[in-house]
Amino acid sequence: MKPWFSAPERQDAVQQAIEAWLGTPYFANNASRGHGVGCVEFVHEVWVEAGAIPRLSLPRYQLDWAHHSTSSQLVNFLLNDPALRGRLVFVPILGQHLPGDLLALRSGRLDHHLAVIGKWEKVAHAVEDHGVIMHNLDEPKFAHRVLYSLRLLEP
């Protein structure tokens with residue numbers, strides 16, 4: 001199966017979706033462009049707007065989950081949701097990233113934050129104090145928290 005975001009027009013679509021959300025304030029468990037969005041909801045909206053996936057029913061999450069648990073809500077959802085099952089593969093963190101690839105980051109004890117790769121080795125995510133931001137993938141404060149990377153495949 002080939003990566004969903006391998007075509008240039010799909011890479012452009014994911015970049016346009018990211019740019020449309022830039023500056024939206026952070027608000028957990030919410031997805032309202034310009035008003036507030038959580039990290040999981042942001043990535044979900046980017047993929048939906050780029051045409052990669054249908055709108056999913058996202059699970060609600062607690063901000064402090066990663067400080068008190070050793071089981072990942074994030075990976076369980078991503079790998080077990082019927083619309084995503086079999087479409088996500090792990091890719092090497094230090095390998096070649098495609099726009100649209102997801103990065104799972106450590107927050108507390110485990111993966112509890114999502115980001116999406118844009119074009120030009122940029123990464124975008126919804127951050128508590130800053131809202132939706134975009135920066136270089138190799139930014140030190142960000143790069144050391146990346147635990148794994150996921151790529152969406154064609155259905």
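I began at Tyr 148, which is buried at a relative accessible area of 13% (buried is under 20%, exposed over 50%, partly exposed in between, with a 1.4 Å probe and protein chains only). The model is predicted: local features need pLDDT of at least 70, side-chain atom pairs count only at pLDDT 80 or more, and totals for chains, interfaces and linings use all residues. Residues are numbered from 1 along each chain as its sequence is written, and side-chain values use heavy atoms, without hydrogens and water.

I then looked up the ring partner of Tyr 148. Phe 90 is partly exposed, at 47% relative accessible area. The ring centres of Phe 90 and Tyr 148 are 5.4 Å apart with planes at 70°, so the pair is edge-to-face (centres within 6.5 Å; under 30 degrees is stacked, over 60 edge-to-face, the rest tilted; for Trp the six-membered ring is used). Phe 90 belongs to strand S3 (residues 88-91) and Tyr 148 to strand S8 (residues 146-152), so the pair ties together parts 58 residues apart in sequence. Helices (H or I, at least four residues) and strands (E, at least two) are DSSP runs, numbered from the N terminus.

I counted four aromatic pairs by this rule. Trp 21 and Phe 42 form an edge-to-face pair, 6.5 Å centre to centre with 75° between the planes. Trp 21 lies in helix H1 (residues 8-21) and Phe 42 in helix H2 (residues 39-49), so this pair ties together parts 21 residues apart in sequence. Trp 21 is buried at 2%, and Phe 42 is buried at 0%.

Lastly, I noted that Trp 4, Phe 5 and Trp 47 form one aromatic cluster.
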